[in-house]
Amino acid sequence: MLQRIKDIILSLTNLKLFIFFIISIFLNLILLSFFLEYFGLNVEKRENQIYKFTKIEIFFQVVFFAPLLETLIFQSFLFNYINKLHFYFFKKNNPWLSIIITSCFFGLTHFFNLSYVIITFFLGIIFTLYYYICLLKNYRPFINTILLHSVYNLIIFIAELIFKV
């Protein structure tokens with residue numbers, strides 16, 4: 001019974017953390033859009049091979065496959081590897097260095113245009129920070145980061161369908 005109560009409290013805490021990060025992502029996007037527009041960087045629709053697929057194929061790629069693969073590569077592998085490497089050489093833990101480096105790689109793999117790289121760099125910071133916090137609190141970081149990334153991609157996918165961005 002006590003374990004069940006603890007699980008419910010952890011679930012609610014995790015839900016609050018998840019909602020906080022969803023809100024952070026969209027505030028980040030709004031602020032970055034204004035910033036990029038102010039400096040004249042293009043925030044228009046990205047041109048890529050993805051638009052040659054059907055909407056159903058894009059949906060599965062963007063909402064399921066990409067978050068799974070990107071969380072595996074960037075958070076589960078790269079973040080953990082850089083963090084361990086930093087600890088091995090400097091005998092101290094510096095998660096921010098690992099978060100920034102991981103986010104740089106995350107942004108660079110989304111090279112549709114310069115503004116998109118900048119936006120995905122900051123999204124990478126949010127996703128990796130969320131992964132790290134879940135890792136510290138034993139909230140199943142891999143699954144939760146995939147879920148956060150999937151929810152974000154789903155909202156963007158729906159917005160692009162509705163507003164034909």
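Residues 24 or more positions apart account for 68% of the protein's contacts (heavy atoms within 4.5 Å) with a separation of 6 or more. This is a predicted model, in which local features need pLDDT of at least 70, side-chain atom pairs count only at pLDDT 80 or more, and totals for chains, interfaces and linings use all residues. Residues are numbered from 1 along each chain as its sequence is written, and side-chain values use heavy atoms, without hydrogens and water.

**View 1. The elements run α-α-α-α-α from the N terminus****.**

**View 2. Helices H4 and H5 cross.** H4 spans residues 114–136 and H5 spans residues 141–163. Their axes, lines fitted to C-alpha atoms over the stretch in contact, come within 8 Å and cross at roughly 150°. H4 is therefore roughly antiparallel to H5 (angles over 145 degrees between N-to-C directions, on a scale from 0 to 180). Residues making the contact include Leu123 and Phe127 of H4 and Leu148 and Tyr152 of H5.

**View 3. The largest nonpolar core has 29 residues****.** Such a core joins buried Ala, Val, Leu, Ile, Met, Phe, Trp, Tyr and Cys residues through side-chain atoms within 4.5 Å. Buried means under 20% relative accessible area, with a 1.4 Å probe and protein chains only. H4 gives the most to this core, with 12 residues. Leu17, Phe21 and Ile25 are among those with the most contacts inside it.

**View 4. Leu17 and its partners.** Leu17 touches Tyr130, Ile133, Cys134 and Tyr139, not counting residues up to four places away in sequence.

Methods. Helix = DSSP H or I, 4+ residues; strand = E, 2+ residues; numbered from the N terminus. Parallel < 35°, antiparallel > 145°, perpendicular 65-115°, else oblique. Buried < 20%, exposed > 50% of the residue type's maximum accessible area, 1.4 Å probe, protein only.
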